[in-house]
Amino acid sequence: GMISRGRQLLSARGRRILSLFVVAQFSLAVLDTAALYLISTVFSRGSDQSSVRIETGIGTVSAIITLFTLRSVLSTFSTWQTMRTLAQEEVAIGHRNFQLFIDNPAVRLLGFDLNDFFNVVDRGPGAIVSGLLLSTYTIISEVVTGGLILLTLVFLQPVTALTATGFFVLV
């Protein structure tokens with residue numbers, strides 16, 4: 001389909017960075033899930049079930065802070081690297097399209113205008129790379145992240161998970 005044709009326009013490096021982006025997003029979901037689990041271990045129900053006690057040691061708090069810090073660093077680095085590489089891919093696709101556009105005799109015969117030129121060289125590559133491919137891979141990553149967090153909630157707090165699922169289905 002359209003996504004596989006868009007991927008074919010990318011260089012091997014561009015395809016690799018998109019795959020690494022998904023892996024990084026999945027890793028962020030794992031870090032979030034681990035942090036959620038550790039946070040849940042900090043709180044426990046009191047004997048009367050109406051109160052919550054905080055039971056923690058410095059190790060657990062340090063682990064939670066470390067997980068959230070690692071998450072922030074990984075998120076920043078993966079986003080920066082992905083956007084930088086995909087911008088270079090857009091330029092390369094635009095350059096190839098420019099050469100094909102200029103070398104095509106039909107361009108001169110049919111009198112394509114400046115708008116056609118910008119669509120081929122700038123707008124088209126941007127729409128394919130940023131609009132289609134990056135958006136598609138981000139949506140896939142978000143679904144995986146949501147699924148992991150939902151599974152964690154089902155395991156830790158089933159009532160909260162059902163309530164959250166109901167809310168997001170309605171919204």
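# Briefing: a helical protein

Thr 82 is buried (under 20% relative accessible area; exposed means over 50%, partly exposed in between, with a 1.4 Å probe and protein chains only), having a relative accessible area of 2%. The residue belongs to helix α3. The model is predicted, so local features need pLDDT of at least 70 and side-chain atom pairs count only at pLDDT 80 or more, while totals for chains, interfaces and linings use all residues. Numbering runs from 1 along each chain as its sequence is written, and side-chain values use heavy atoms, leaving out hydrogens and water.

**Overall make-up**

- The protein contains six helices and two strands (DSSP runs numbered from the N terminus: H or I of at least four residues for helices, E of at least two for strands).
- In sequence order, these elements follow the pattern α-α-β-β-α-α-α-α.
- Of the 171 residues in the protein, 24% are buried.
- Among the contacts (heavy atoms within 4.5 Å) with a separation of 6 or more, 68% are between residues 24 or more positions apart.

**Confidence**

- The mean pLDDT (the predictor's confidence in each residue, from 0 to 100) of the protein is 81.
- A pLDDT of 70 or more is reached by 85% of the residues.
- Helix α3, residues 58-103, has the highest mean pLDDT among the elements, at 89.
- Strand β1, residues 43-45, has the lowest, at 59.
- Where pLDDT is low, the predicted coordinates should not be read in detail.

**Helices α2 and α3**

- Helix α2 covers residues 12-42 and packs against α3 at an angle of about 165° (0 to 180 degrees between N-to-C directions, with axes fitted to C-alpha atoms over the stretch in contact).
- The axes of α2 and α3 are 9 Å apart.
- The angle makes α2 roughly antiparallel to α3 (over 145 degrees; under 35 is roughly parallel, 65 to 115 roughly perpendicular and the rest oblique).
- The contact of α2 with α3 is made of 18 nonpolar, 11 polar and five charged residues (Asp, Glu, Lys and Arg are charged; Ala, Val, Leu, Ile, Met, Phe, Trp, Tyr, Cys and Pro nonpolar; the others, Gly among them, polar).

**Helices α3 and α5**

- Helices α3 and α5 pack at an angle of about 145°, and their axes lie 9 Å apart.
- On the α3 side the residues that meet α5 are Thr 82, Met 83, Leu 86, Glu 90, Ile 93, Gly 94, Asn 97, Phe 98 and Phe 101.
- Their partners in α5 include Asp 116, Phe 117, Val 120, Val 121 and Pro 125.
- By class, 11 residues of the contact between α3 and α5 are nonpolar, five are polar and two are charged.

**Helices α1 and α5**

- Helix α1, residues 2-9, packs against helix α5, residues 114-156, at an angle of about 120°.
- The axes of α1 and α5 are 10 Å apart.
- The two helices α1 and α5 are therefore oblique to each other.
- Met 2, Ile 3, Gly 6, Arg 7 and Leu 9 of α1 meet Ile 128, Leu 132, Leu 133, Thr 136 and Tyr 137 of α5.
- Seven nonpolar, two polar and one charged residue make up the contact of α1 with α5.

**Buried residues and their partners**

- Apart from neighbours within four places in sequence, Thr 82 is in contact with Ile 17, Phe 21 and Leu 134.
- Thr 82 and Ser 19 are 63 residues apart along the chain, with their C-alpha atoms separated by 9.9 Å.
- Gly 14 is part of helix α2 and is buried at 0% relative accessibility.
- Leu 28 touches Arg 71, Leu 74 and Ser 75, leaving out residues up to four places away in sequence.
- From C-alpha to C-alpha, Leu 28 and Arg 71 are 5.8 Å apart, and in sequence they are 43 residues apart.
- Leu 133 sits in helix α5 and is buried, its relative accessible area being 0%.
- With residues up to four places away in sequence left out, Leu 133 touches Ile 3, Gly 6, Arg 7, Leu 10, Leu 18 and Ile 128.
- Leu 133 and Leu 18 are 115 residues apart in sequence and 8.3 Å apart in space, C-alpha to C-alpha.
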